[in-house]
Amino acid sequence: MATILAVDDSASMRQMVSFTLKSAGYNVVEAVDGVDALAKAKTMKANIVITDVNMPNMDGIALIAELRKLPDYKFIPILMLTTESGTSKKQEGKSAGATGWIVKPFNPDQLLSTVKRVAG
Amino acid sequence: MSIDLEQFHQTFFEESFEGLDEMEKELLDLDMGSADSESINTIFRAAHSIKGGSATFGFTDVAEFTHRMETLLDEMRDGRREVTQEAVNLLLSSVDCLRDLLGAQREHNEPDKENVITLQQQLDDMLKVGSTPPAESSHAAASETRKKEVEEIKETEWLIQFHPHPHMLRTGNEPLRMFNELALLGDLIVKADHSKLPAFCDIAFDECYLSWELTLKGSVKHEQITEIFEWVDDDCDLSIEPVSEVEQHSQKPVKGNGETEKVPQTENKPVEQKGKTERRKSSLSEASSIRVGIDKVDELVNLVGELVITQSMLSQTNEDDSGNQDKLRDGLAQLERNTRELQESVMRIRMLPISFAFNRFPRMVHDLTQKLGKKVELKMSGEQTELDKTVMEKIGDPLVHLVRNSLDHGIEIPEIRLKNGKPEIGVLHLNAYHQGGSIVIEISDDGAGLNAARISSKAKSQGLIDENEVLTKEKIHELIFNPGFSTAETLSDVSGRGVGMDVVKRNIKGLGGSIDVDSEEGKGSTFTIRLPLTLAILDGQLIRVGNETYIIPLISIEETFQVSYELINTIANGTELYRLRDEYIPIVRLHDIFNLQPEHTELTDGLLAVVESDGCKVGLFIDDLLGQQQVVIKGLETNFRRVDGVSGATILGDGTVSLILDVGGLIEFARKRQTKAVA
């Protein structure tokens, strides 16, 4: 089963995303911000990355751009968690190389169906 | 899949409350006008997380409320709105309101709805004015939802022209994935156009050269198809037309808004690491703590207490047989060292930095100065000084009272300060440090200071001192700790809520501490609180009366000496006074109080231990002084009942129970007996 790197600075969100994905059988690695995620991404090979946008130290947009520079992460799906109002953020994310987005708030089912879409 | 979201609530509440604390702290630190963008970012992020979490976990009222705050903060962050005191105040009240809302959710209570509505209205009002029109409308979300024509679900054939831009693969989007999804909607025919494929040696492996013409047949809505292509909207030329119409408009696919050769912009914006943020982080990591159930900690403390007792028992055995038991002695020395180390480290678990008590003050000072029309800078130092949790809990209220007093009575309003040649902004300084086995907390201000004349005239009118009595400045200052004593000309709603300095003093006394005041008129005042680090252990002086051993807290003993006959005076009703230099000190015979058979009944045969509490002294008449040692305090009330003149008990090395004398209580006892004697 695919390994998913889940990045969010909010512990409750991280728990929820991780729990949902694990319940569906995915392997999940959690990271607390962009810096943490980038470091973890280099030591493993995630099949999918799901990242929050607003985070301290390194935000989601910068993380996506950094990940796309790594050979292992050039083509994999990277989804960003964004809010409905963040149109400009979606655009920024896309420019940085995001595959798509999941709009907050979402429930576990929405998360899973979106992940299934890209999990192939 | 059904996942119970409730399991994440606890974490959500915890992090939300932490986020609120952080928001409050940052809001108070904001400089008006030229606010640090990283601070605003931090505040925004906290609000954003709370909003996202509350919406996800189903707390819609919290989400709606936070949304307004977030919008306001977003405008500040983008520089579209100035950081005004008014906005900061509103945000601070909103933080309080969120605490209330979240607290209500956690406790399943009803929040203060009226307050929520008022604040929401205020936020809405503020959002309406004062911001330069946003570059991107906040209603973008609404405009983003494409015009959806009412489409009947009927069997249609769609012709989809899909021409990806060369870079599309680099966004991780895969045409095959989209085709698979389309195939789920109906019958799909895929025709690839490879005419743009370059010669093999010119192929860049990460570029997309193919385009497709797809025919989809089924009861499919237009929006179902656009949804599948939603993520690549800008990365391709796409047209989706019903087949019947295709023949009419035989035109090229509509161009997407993306340029054909749009290179992915790697617009890295690494978050600027300013010195300020780094410093903040390091102080955070210093304060990082584990959560330990207090009951477990109590048990540990108790166990170590037992260990201390065992150790002192062993060392006594050693002293009894003074043979050549070097090994035993060495072992004991080691046990003693280990015990002490273990004790110290276990006590440390209960120790918290005093910042836990100090943290509430920035907000309090902010609110009160606004209310009082004063300008005050709050300085805090020694926040990392550690103090026992139980002491911390009890020192909070007295500190609040002292800070309120300083703000209300101490620091003057700006006009008066300027008139008196002082800087307009007053300084309130909270400082904490360790001194010996105690912690010292100072609350000082550069305000008006205590008015000695007013205090003494007030004391005279209340009959606390005689009309003609002349007191030293120190004695006059001490008068403010008398019950019912207030020098405030008018009682404001800030201080003067019926809690006086006497209560402050009593509470601090109750903790085994003391409070002093040092003040100079016109220059300011400093209140100094001294507290024991912990309530569980004290340094004690063992004394003997008859066959009984008692313990006097070392801190209350002033001196101990043999009595000279000629300095004893007996007044009415047999009260004995001892002339110690220029003071007369009442003598308390401990054997009288505890009904014991003493070794000595003649004062000159025994010893007098002069103890002090509350500025009063008495001489305790005892038979002998024994050693000094640290004792583990055991409550008497929990196991027996309250006994006057005794504050607790401990177990000595030989296993006997020894009572710890309550010096304040004994002095009170002596005073009562004196009054009775005079009456």
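Helix H3(B) crosses helix H4(B) in a left-handed sense, where left-handed means that the near helix is turned anticlockwise from the far one by less than a right angle, clockwise being right-handed. This is a predicted model, in which local features need pLDDT of at least 70 and side-chain atom pairs count only at pLDDT 80 or more, while totals for chains, interfaces and linings use all residues. Residues are numbered from 1 along each chain as its sequence is written, chains are lettered from A and ligands numbered from 1 in the order in which they are written, and side-chain values use heavy atoms, with hydrogens and water left out.

The label goes to angles over 145 degrees, with under 35 counted as roughly parallel, 65 to 115 as roughly perpendicular and the rest as oblique. Helices here are DSSP runs (H or I, at least four residues), as are strands (E, at least two), numbered from the N terminus. Axes are lines fitted to C-alpha atoms, for helices over the stretch in contact, and angles run from 0 to 180 degrees between N-to-C directions.

Residues of H3(B) that meet H4(B) include Phe65(B), Met69(B) and Leu72(B), and among their counterparts in H4(B) are Leu91(B), Leu98(B) and Leu101(B); contact means heavy atoms within 4.5 Å. By class, this contact has 13 nonpolar, three polar and one charged residues. Ala, Val, Leu, Ile, Met, Phe, Trp, Tyr, Cys and Pro count as nonpolar, Asp, Glu, Lys and Arg as charged, and the others, Gly among them, as polar.

Chain B has another such pair in H15 (residues 389-410) and H19 (residues 501-510), packed at an angle of about 150° with axes 9 Å apart. Their crossing is left-handed. Ile395(B), Pro398(B), His401(B), Leu402(B) and Asn405(B) of H15(B) touch Met501(B), Val504(B), Asn507(B) and Ile508(B) of H19(B), a contact with six nonpolar, three polar and no charged residues.

Helices also pack between the chains. The axes of H1(A) (residues 11-23) and H1(B) (residues 9-29) come within 7 Å, crossing at roughly 155°, which makes H1(A) roughly antiparallel to H1(B). Ala11(A), Ser12(A), Met13(A) and Gln15(A) contact Thr11(B), Phe12(B) and Glu15(B) there.

As for the whole interface, 52 residues of chain A are in contact with 49 residues of chain B. The two chains bury about 4,200 Å² between them, 53% of it on carbon and sulfur atoms; buried area is the accessible area (1.4 Å probe) that two parts lose on being put together, summed over both. In chain A, Asn54(A), Phe75(A) and Arg117(A) lose the most area to chain B, together 17% of what that side buries.

Three salt bridges cross this interface, a salt bridge being a side-chain nitrogen of Lys or Arg within 4 Å of a carboxyl oxygen of Asp or Glu. Asp235(B) and Lys94(A) form a salt bridge at 2.5 Å, N to O. Over all chains, the structure holds 42 salt bridges. Within chain B, Arg170(B) pairs with Asp206(B) at 3.3 Å, N to O, linking distant parts of the chain, 36 residues apart.

Most residues other than glycine have a negative phi, and most peptide bonds are trans. The peptide bond from Lys104(A) to Pro105(A) is cis, with omega near -5°, and Pro105(A) is found in the loop between strand S5 (100-104) and helix H5 (108-119). Asn57(A) has a positive phi, near 65°.
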